[in-house]
Amino acid sequence: MKYPALSNYVEGKLVSDGHNRLDVFSPLDGEVISTVPLSAKSDLDKAVDAAKRAFPSWSNLPIKERVQVFYRYKYLLEKNSDELTELVHIENGKTISEARAEIEKSIEVTEFACSLPQLTSGEVLEVSKGVECRIERYPVGVVASITPFNFPNMVPNWTIPNALCLGNTMILKPSEQVPLSANRIAELLKEAGLPDGVFNVVHGDKEVVEAICDHPGIEAITFVGSTKVAKIVYIRAASKLKRALTLGGAKNHLIVLPDANTEMAASNIAASMSGCAGQRCMAASAMVGVGDVDHIIEKLCEEAKKIIPGKNLGAVISKQAKERIENYITEAEKDGAKVLVDGRNYKVPGKENGFYVGPTVLDYVRPEMKIAKEEVFGPVLSIMRSKTIEEAIKIQNSSLYGNAAAVFTQSGAAARYVSDHASAGMIGVNIGVPVPREPFSFGGWNESKFGVGDITGKSSIEFFTKLKKITTKWNPESKVNWMS
Ligand code: NAD
């Protein structure tokens, strides 16, 4: 195996009990690269105990001291960027440049966390003569973060720097399909000076996720993954009276008007549908062409054909994912879609056991078809046709999801219309992957997110803190008025 067998990371140490284990595959070539423990409730108990022990002293530090650890962590992410990139590439299968972009985003969110002292100073007002009211923020306690396979470094870092700078301690439960980056993050946090117990990693699957939802020592849970599991985690965590914010799957629509800049639209759409092999919750999965956009589709297919698996297109996560994606394409073809670019049965020379699907463009998909409604999570674009922009919006609005939507046009009025009427949390105008950069927060609508607020940016301050309101009077002579 390329990497040693993994252990949980609790109170600054690797902890290895007699667990059942799962093989970890590299999607690049199908090789087993490590094994991951499938932890039980008793393993979680140890991590929660450690996080509870670490909480009083960590939360008592002034925030300006806590963020010093994250200035150092940001430096370590930069210093080790090549190695972290390689690790993401190997365990997830995305290309080196995509893996590098992921580490760059982790650096950006850490940079944001370092600005939290500036954003969390309290509020104070003299509310009656001689009486002052002030608001202070407190961490919520031990929090848990449950993460998916598609961003092994970035999604854990969506929550780690913010939650910890705000004074919480944490249990991370990474995806069992990509567990290696999590342990490397733990090592870097320790090297940055984070006290033991503040950050812990517990590996595993469904069993340990359920134990997290039920654990009385955990106050708040963030989850990123499929909608099916996001719902389970939200309901189970809320039934145990915890705070929860659970981000789910997506079906992102790009509405393309005939006046769009052909080159820009075609290359942007091709990049959006195929980046990270389509395994992004922000990937373009459906395009709605309004009127005659054949010239853009033609150029888009030219661009798609330049995207070559094993070169500038990474692998999908597993053999099962490859089969699932190819079945969607075959079923859509049977239902009447026209396959303009076909990525099925792709073999990369020298990596015949890797999990590759080539870029696929399907035209004349109808809104009622399965492929138009469900999340495919592969490099596949389904093109639907509409006569008017209103009809295109109707198709977008009928989606259960609502992560992102985008419009390609040169008309300000059309762009405003789509921004106003699309039912999604993140909108792109001539941008195929409209991920908000820090300090703007990340989060969708509808079945792409359950809970209040967003997971990153300023919005995360509300999730990871609770408010204390202190009313004070020191002046006995003051003839105070109402309620004083
Ligand atoms: P997943 O839901 O299968 O797994 C996510 C996490 O939940 C993993 O840690 C996994 O161990 C755990 N899990 C899986 N099944 C479970 C169950 N039955 N009960 C309890 N826990 C369970 O998701 P995935 O396949 O790892 O990731 C892909 C999905 O994540 C896609 O749907 C994608 O759109 C979504 N995603 C969403 C966002 C967003 O911001 N909305 C970001 C990234 C990924």
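Visitor: How many helices and strands does the protein chain have?

Guide: The protein chain has 16 helices and 20 strands; helices (H or I, at least four residues) and strands (E, at least two) are DSSP runs, numbered from the N terminus. The radius of gyration of the protein chain is 24 Å, close to the 23 Å of the globule rule for 484 residues, so the chain is as compact as a globular protein of that length. That radius is taken over C-alpha atoms, and the rule is 2.2 Å times the number of residues to the power 0.38. Please keep in mind that this is a predicted model, where local features need pLDDT of at least 70, side-chain atom pairs count only at pLDDT 80 or more, and totals for chains, interfaces and linings use all residues. Residues are numbered from 1 along each chain as its sequence is written, and side-chain values use heavy atoms, with hydrogens and water left out.

Visitor: What percentage of the residues in the protein chain is buried?

Guide: Buried residues make up 58% of the 484. Buried means under 20% relative accessible area, exposed over 50%, and partly exposed in between (1.4 Å probe, protein chains only).

Visitor: Now the sheets. What is the strand order in the open sheet of 7 strands?

Guide: The general idea comes first: strands of a sheet pair through backbone hydrogen bonds, either parallel or antiparallel. Here the order is 14-15-16-13-12-17-18, with mixed pairing; two strands pair if DSSP finds at least two bridges between them. Strand 14 (338-341) and strand 18 (426-429) are the edge strands, each pairing on one side only. On average, neighbouring strands of this sheet are turned by 20° against each other, direction ignored. Inside the sheet, strand 12 (residues 252-256) and strand 13 (residues 284-290) run parallel, joined by 5 bridges. Asparagine 252 has alanine 284 in strand 13 as its bridge partner.

Visitor: Which helix packs on the sheet and touches strand 12?

Guide: That is helix 11 (residues 294-305), which also touches strand 13, strand 14, strand 15 (360-363) and strand 16 (380-386). Its direction makes about 55° with that of strand 14. Axes are lines fitted to C-alpha atoms, for helices over the stretch in contact (heavy atoms within 4.5 Å). Angles run from 0 to 180 degrees between N-to-C directions.

Visitor: How many aromatic pairs does a search of the whole structure find?

Guide: The search finds 5. A pair of aromatic rings is described by the distance of the centres and the angle of the planes. Rings of Phe, Tyr and Trp (its six-membered ring) pair if their centres lie within 6.5 Å; planes under 30 degrees apart count as stacked, over 60 as edge-to-face and the rest as tilted. Phenylalanine 70 and tyrosine 73 are edge-to-face, at 5.7 Å centre to centre and 75° between the planes. They sit 3 residues apart in helix 2 (residues 63-79), separated by about one helical turn.
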